[in-house]
Each structure stands twice: as structure tokens, then as C-alpha cells.
Amino acid sequence: MSPSTPLLRGVNLTEIESLALSSQLNMADGHARQELTKSQRSIVDELPDLFAKAAAQPVDDLEREAHRAYLHLLHQHSYPTRPGGVLTCYSSSVAMEILARSLVPAGGGPVALVHPTFDNIPDLLRGNGLRLLPVEEDVLHEGSVSAAVPEGVRCLFITTPNNPTGRVLAEQRLAAIAAECAARDVVLALDTSFRGFDTRSHYDHYTVLRDSGCRWVVIEDTGKLWATLDLKVGLLASSDHVGLPLAKIHSDILLGVSPFVLVLVTRFAEDAAAGGLADLHRFIADNRALVRATLADVPDLAFPDGDARVSVERVDLGERRCLDVWTRLRQSGIYVLPCSQFHWADPARGDHSLRIALARVPGALEAAVRALRAVLLSP
Ligand SMILES: Cc1ncc(COP(=O)(O)O)c(C=O)c1O
């Protein structure tokens, strides 16, 4: 392991993101901060009616409607509909905390986790005392399936599409990994928070998982797609015989999410199904093209995730160190994310890349990327 930039040690990505929250040019966090579309604005105009609906209708019905609208939007038609099959949480991090806590009493070996990935996933697992084993993306996605499921682990955790790389687990590969997990009784856990952006992750994961016979958990997240001011839910779906105390731990933490948020999620999902999702995909693709075009003539720079469709873009800075570039941008009130912490098992491997958020107003994104260009071109 090579030495990482010392000033970034011990600081997590969320702490860096929170420095940017009040900035006009916040390209740091992966939350959705673009303008509402016309049809989304009309949903916001209906909020008093939606509030009344939320207050009047049984919460079970609202929860079922929200699950159905969101998961059907993303073609996840075979999600579990049994009681408790999908637990609704305030956010995907809460779902993650529940999963992490549930894995502790099961005992056994470490949790294998995709490397790199968003650092709150390893932080929540480690925070519950679990030992982690990194599995490189290439090992997960290609080659021997037994290497993708290391010997002796109790759980394999994969973020797909991954943050920050955007890499998507293909259907055949998920089937092969799930079969391996079934044969070795390893819990297979997926975080699909970014799947809304990438149709390649819209094959029905629940059919694949169910057919494999493995024990599985999926964390879904409505929070990355729409600029709903962080009104969102995380969903914790699990197989029939998952053997983890998920429902009990969920009840230790919450009674339920706000019915108002459930109604809002349902309405935004319906709007997305009626064309909004395709518009969003175009919007993100345009913003990605803007970033790449603005930085195209900067020497010693690359976009390592050529194929990515998620709402973030990594930039490989070549010889430059991300902390130096980040510090100079910050002096002008512009924020991006250094990538060191995504490499949770070896931060130095991220010391030469940045992540730029794309779910932003194009004018602000352009201003920020122009400033980045100027920093990169100046000595
Ligand atoms: C892959 C992934 N999962 C989960 C989360 C946590 O989301 P939240 O902060 O809404 O709980 C993030 C945050 O960016 C993420 O990137």
C-alpha cells in the first residue's frame, strides 16, 4: 500500500461534501440538484393535495404504491411483495446500517466488498465491527467466479452501478456470482442506488437472484434521481429465507417513513415512467459531454469511465494530485470530490483523480469545469 495524501486521511467523503453544501458551485455530492422539469414542478404545485392524500390513506397502501411505482419504473418487476419483503427506510444509508448490524450475529468470516466504492458503505460495515476484504472491480466483473466470491466470507457486497466508476454488473455475471453464493451459502448484497441512471442495470435483478436460490439483500434508493430536496426513501429488499434479523433491526430504528414522502416518490416515479426518466438520461449525458468537451484539450488528463452513465464523472488527473487541485478550486468557492476515500482499502490509488457531480444546472457545471480547466492548465 503506498502512502496517501496525509491531509485527506481520516476525513470521509461526506465530510468533504458537507464543506460544499452552501457553495453556488457545489459539484461534490452525488445528490440530485438539477432544476425540476415542467412536469415535476407541477407535482410540487400539487403538494397540498398530496399532503392531504398522504394523511387520508392507510400507510400500507401508500408504501405498496411507492414500491410498485419505483421498482416497476426500473423494470424490477419481481421484487418481493410478501410482508416485510421490502423494508422502507429514511435513506439507503439507514438500509445499509440495518444490513450491517444484521450481519454481526450471523458470525463467520469477513464481508467481501467491491473496491473502490462510496466510503460510507465500508464505514458502516466496519462501524459494526465487521472485517472487510476488498474485491477489485475487474475481479468481480471478469474471470473466475470463485475469485469474485473469496473463500470464507459471510457476505459479498457489490455496488452496481458502482459509485464512482459507473460500472454495471451484467445479468450473466450476476447469475454466475449468485449461483456461487448459493453453493457456498454466502449472502449476496447489492447496492443499486444509482441504477435509475443506467438502463443496463434495468434487467430484473430479482428474477436472477430468486432463480439462483442464494440468500440475497438489495438496497434500492430513490434519492439520486430527482431534485426533491432530499425527500427520498431507501428500500431494503431481501430473499424469503435470508436468515438475517432485518425486520427486527428495522423496527429498532424506525416505525416508518413519512407517508408524504411515499406519495411524493410515487408521483415522481409515475412522471419518470411517462418520459421523465429518458429526459433525465439525456440531461446527464449532455452534462457529461459538457465536462469532457471543456476539459478535452488539457494535457495529461483522462476520463477513465468512458462507458459510464451514472450522475458522476471521474477525471484522472495524471501526475497532478487531487488534493492540490481540490485545494486550489476551493479557494475560488468551487467544490468537487477527491477520489482517495473511494479506494477504502488503499486510498493512495485515488490520489490522482477527482469526481464531478453531473446532476447539476448546466450553467453552474460549466462555470465549475471552466475553473477546473484553468487550474489544470496553470502551473
Ligand atoms: C452507492 C451509494 N449508496 C448509498 C449512498 C448513501 O445515500 P444516502 O446519503 O441518501 O443515504 C450513497 C451516497 O452517495 C451512495 O453513493
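Visitor: What covers the buried residues of H14?
Guide: This is a predicted model. In it, the cover includes strand E1 (25–26), helix H12 (259–294) and helix H13 (322–331). Strands E10 (334–335) and E12 (353–357) are also part of that cover.

Visitor: And which residues of H14 are buried?
Guide: Ala 364, Leu 365, Ala 368, Val 369, Ala 371, Leu 372, Val 375 and Leu 376.

Visitor: Where do they sit, seen down the axis of H14?
Guide: Within an arc of 155°, so the buried residues line one face of the helix.

Visitor: How far apart are the end C-alpha atoms of H14?
Guide: They are 22 Å apart.

Visitor: Switching to the open sheet. What's the strand order?
Guide: E2-E8-E7-E6-E5-E3-E4, seven strands with mixed pairing.

Visitor: Which strands stand at the edges?
Guide: E2 (86–89) and E4 (132–136). Each has a single partner strand, so one side of each lacks a neighbour in the sheet.

Visitor: How do E7 and E8 pair, parallel or antiparallel?
Guide: Antiparallel, over five bridges, between residues 216–221 of E7 and 234–238 of E8. Asp 221 stands opposite Gly 234 in E8.

Visitor: Which strands does helix H5 touch?
Guide: H5 (residues 92–106) packs on the sheet and touches E2, E3, E5, E6, E7 and E8. Its direction makes about 160° with that of E7.

Visitor: What about H10, which strands does that helix touch?
Guide: H10 (residues 205–212) packs on the sheet too, touching E6, E7 and E8. The direction of H10 makes about 170° with that of E7.

Notes: Residues numbered from 1 in each chain as written. Predicted model: local features only at pLDDT ≥ 70, side-chain atom pairs only at ≥ 80, totals over all residues. Heavy atoms only, no water. Helix = DSSP H or I, 4+ residues; strand = E, 2+ residues; numbered from the N terminus. Expected span 1.5 Å × (residues − 1). Buried < 20%, exposed > 50% of the residue type's maximum accessible area, 1.4 Å probe, protein only. Arc of directions from axis to C-beta. Contact = heavy atoms within 4.5 Å. Pairing = 2+ DSSP bridges. Axes fitted to C-alpha atoms, helices over the stretch in contact; angles between N-to-C directions.
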